[in-house]
Amino acid sequence: MNKGIVKQFLRTNLPVFVKNFYHVGLDMKEADTLDANTDQLVDDERIVEQDAPNFYRMYFTGRQNVKFCLASVSTKRRQDLLVSLIYSLFWPEKDRVLVECALPEDSGLKGILYVMKPKVAKKVAADYEDLQLMCKKVGVAGVDAKQLQVYAEHGDTIEAVLDKATIDDINTYAEYIQ
């Protein structure tokens, strides 16, 4: 069942990654040469690395101002019915996707940028002092502040990372951002 969730994630998001990155996977396959059959891609360990029965990673690179992108899919522990039942009683889990993009060291850009739903922003602000100390809430043209909030360390980060294409992708997938 977890592989099915990862396959669905790829079906939905692979076009975005292929559009934005030249290389996909650990063996640096050229993104435009990939077969559109995402079922095969999930089973290809060079594209989707399975670290645990409920944790998968995908690596993307080949963009001028981004060193790499790591997309991690962490699903509920569905592989064992008994463990799943016990965990859900005491520690309810959700399927989560984390997309991390690292900027090159020589880019001159050093900063923090968060894009999240307002409800999550309140919790993160309460739990992480660096967000309060180093970042401020900023309005970004094209991003509905009622749906998503953007926090950044300084304006250079926003201008370098949130171009029109990225803002369009954020708005397209806003319902999936936490």
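Helices (H or I, at least four residues) and strands (E, at least two) are DSSP runs, numbered from the N terminus. This is a predicted model, in which local features need pLDDT of at least 70, side-chain atom pairs count only at pLDDT 80 or more, and totals for chains, interfaces and linings use all residues. Residues are numbered from 1 along each chain as its sequence is written, and side-chain values use heavy atoms, without hydrogens and water.

**Largest pocket**
- A pocket is an open set of points on a 1 Å grid over the protein atoms alone, where a 1.4 Å probe fits, with protein on both sides within 12 Å along at least five of seven lines; lining residues have an atom within 4 Å of a point.
- The largest pocket holds about 2,100 Å³, a volume being the space filled by probe spheres set on the points, which are joined across faces, edges and corners.
- Its lining has 46 residues, with Val-97, Leu-98, Val-99, Glu-100 and Ile-177 closest to the centre.
- Elements giving two or more lining residues include β6 (96–102) and α7 (164–172).
- α1 contributes the most to this lining, with 8 residues.

**Second largest pocket**
- This pocket has about 320 Å³ of space.
- Among its 11 lining residues, Lys-94, Arg-96, Val-120, Lys-123 and Gln-178 lie nearest the centre.
- α4 gives the most to the lining, 5 residues.

**Nonpolar core**
- A nonpolar core is a set of buried Ala, Val, Leu, Ile, Met, Phe, Trp, Tyr and Cys residues joined through side-chain atoms within 4.5 Å; buried means under 20% relative accessible area (1.4 Å probe, protein chains only).
- The largest core has 16 residues.
- α1 supplies its largest share, 5 residues.

Methods: Buried < 20%, exposed > 50% of the residue type's maximum accessible area, 1.4 Å probe, protein only.
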